[in-house]
2 protein chains.
Amino acid sequence: MTDRFVSNFTNRLDAKGRVSIPSSFRSVLAKDGYEGLYVHQGLDLPALDAGGNALRATIDDILARFSPFSDEWELLSTALNGTSEVLKIDPEGRIVLSEALKAHAGIGDAVTFVGHGHKFQIWEPERFRAHLDAARTRLRDVKRTLGGLASAGGSGS
Amino acid sequence: MTDRFVSNFTNRLDAKGRVSIPSSFRSVLAKDGYEGLYVHQGLDLPALDAGGNALRATIDDILARFSPFSDEWELLSTALNGTSEVLKIDPEGRIVLSEALKAHAGIGDAVTFVGHGHKFQIWEPERFRAHLDAARTRLRDVKRTLGGLASAGGSGS
DNA sequence: TACGATTCCATTGACGCCCATGATTACCCA
DNA sequence: TGGGTAATCATGGGCGTCAATGGAATCGTA
């Protein structure tokens with residue numbers, strides 16, 4: 001129904017390493033129209049970014065700012081294209097994470113899918129809980145900073 | 001499948017020097033429609049650039065930016081066209097790298113194929129790992145410069 | 001004939017696809 | 001409103017197919 005990834009779900013990996021993509025995420029992917037799941041390792045977080053064409057587009061946007069054959073383009077493409085993976089989604093809506101992806105996120109026998117609008121993240125459940133706590137703490141700080149701003153001026157300073 | 005080279009794969013050379021092109025790359029090449037594999041030595045990297053018509057096109061674009069009588073054109077053409085080879089792909093999807101190519105990339109008994117969208121690179125596995133570390137570091141810098149765009153936070157879609 | 005190159009088989013292990021199970025949820029109807 | 005039934009979804013397992021790899025057979029040619 002929605003075209004955004006929202007909420008979070010925790011599913012288990014079976015003996016073959018398969019894990020079901022949450023049903024609601026699958027319907028968003030279907031609407032996005034991309035066969036397979038585009039996944040890359042988070043740059044600053046022990047998590048994975050996943051999505052369809054919408055996620056792909058952001059990567060192309062970044063690379064388009066540089067000229068092919070430039071040093072910049074080469075390095076960025078290495079980190080983005082070179083470490084991205086397109087996972088196949090089986091008829092039941094499951095994927096298999098590669099060893100490299102699982103290692104980056106510290107994933108064992110379960111994962112948490114976290115909606116982020118145009119993409120979603122894949123976390124090791126415990127790490128996500130910790131991350132969520134930290135996020136809540138920081139959010140309180142931000143709210144204090146905003147404290148009482150009736151109309152969004154918004155400039156961060 | 002996809003029409004872009006993404007992800008990375010490490011395969012081994014057999015006693016005859018043959019190495020399998022990753023299956024997903026082969027399907028991209030097939031769609032690109034090119035007999036054989038176009039390969040040239042990296043301009044300033046110990047790696048090889050490989051691909052099909054899409055790679056050829058970018059090379060022509062680069063050269064087209066210079067006058068055919070300029071020193072720059074001469075240099076680039078020497079580096080790109082002059083070191084290019086068209087490798088045959090056997091029925092199993094394997095290629096054999098020439099000694100010149102292997103020497104340039106320092107390739108021994110294994111290679112890593114790295115997707116770069118319209119082309120892919122061929123690396124000696126250890127060298128690629130080091131290069132990837134550098135690329136990730138660089139991407140963090142660029143991400144800061146672009147203000148979080150690299151995390152795919154700001155898709156305008 | 002001998003060597004290099006190319007094609008043809010064979011093996012092994014991973015992966016994709018199909019079907020089964022259990023459990024929860026949504027739905028229908030008396 | 002309560003009960004029952006159908007639908008959906010996460011999960012598990014069996015099995016055929018394909019990819020990566022190794023080695024043998026064949027062809028062309030010096």
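Me: How much space lies in the second largest pocket?
Reply: In this predicted model, the second largest pocket is lined by 21 residues. Its lining divides into eight nonpolar, seven polar and six charged residues. The space in the second largest pocket is about 280 Å³.

Me: Which element gives the most to the lining of the second largest pocket?
Reply: Strands E3 (37-41), E4 (48-51) and E8 (119-123) and helix H3 (71-80) of chain A each supply at least two residues, as does H5 of chain B. The residues nearest the centre of this pocket include His40(A) and Asp44(A). With four residues, the element that gives the most is H5(B).

Me: Which element gives the most to the lining of the largest pocket?
Reply: The largest pocket has a volume of about 680 Å³. Among the residues closest to its centre are Glu85(A) and Phe9(B). At least two lining residues each come from strand E5 (85-87) of chain A and from strand E1 (8-12), helix H1 (23-32) and helix H5 (125-146) of chain B. The most, six residues, come from H5(B).

Me: Which residue has a side-chain N or O atom 2.5 Å from a phosphate oxygen of DNA strand C?
Reply: The side chain of Lys16(B) has an N or O atom 3.1 Å from a base oxygen. A polar side-chain atom of Glu92(B) lies 3.4 Å from a base nitrogen. For the phosphate oxygen at 2.5 Å, the residue is Lys88(B).

Key
Residues numbered from 1 in each chain as written. Chains lettered and ligands numbered in written order. Predicted model: local features only at pLDDT ≥ 70, side-chain atom pairs only at ≥ 80, totals over all residues. Heavy atoms only, no water. Polar contact = N/O pair within 3.5 Å; in protein donor to acceptor, adjacent residues only side chain to side chain. 1 Å grid on protein atoms, 1.4 Å probe; cavity = no way out; pocket = protein on both sides within 12 Å on 5 of 7 lines; lining within 4 Å. Points joined across faces, edges and corners; volume = space filled by probe spheres on them. Nonpolar A, V, L, I, M, F, W, Y, C, P; charged D, E, K, R; others polar.
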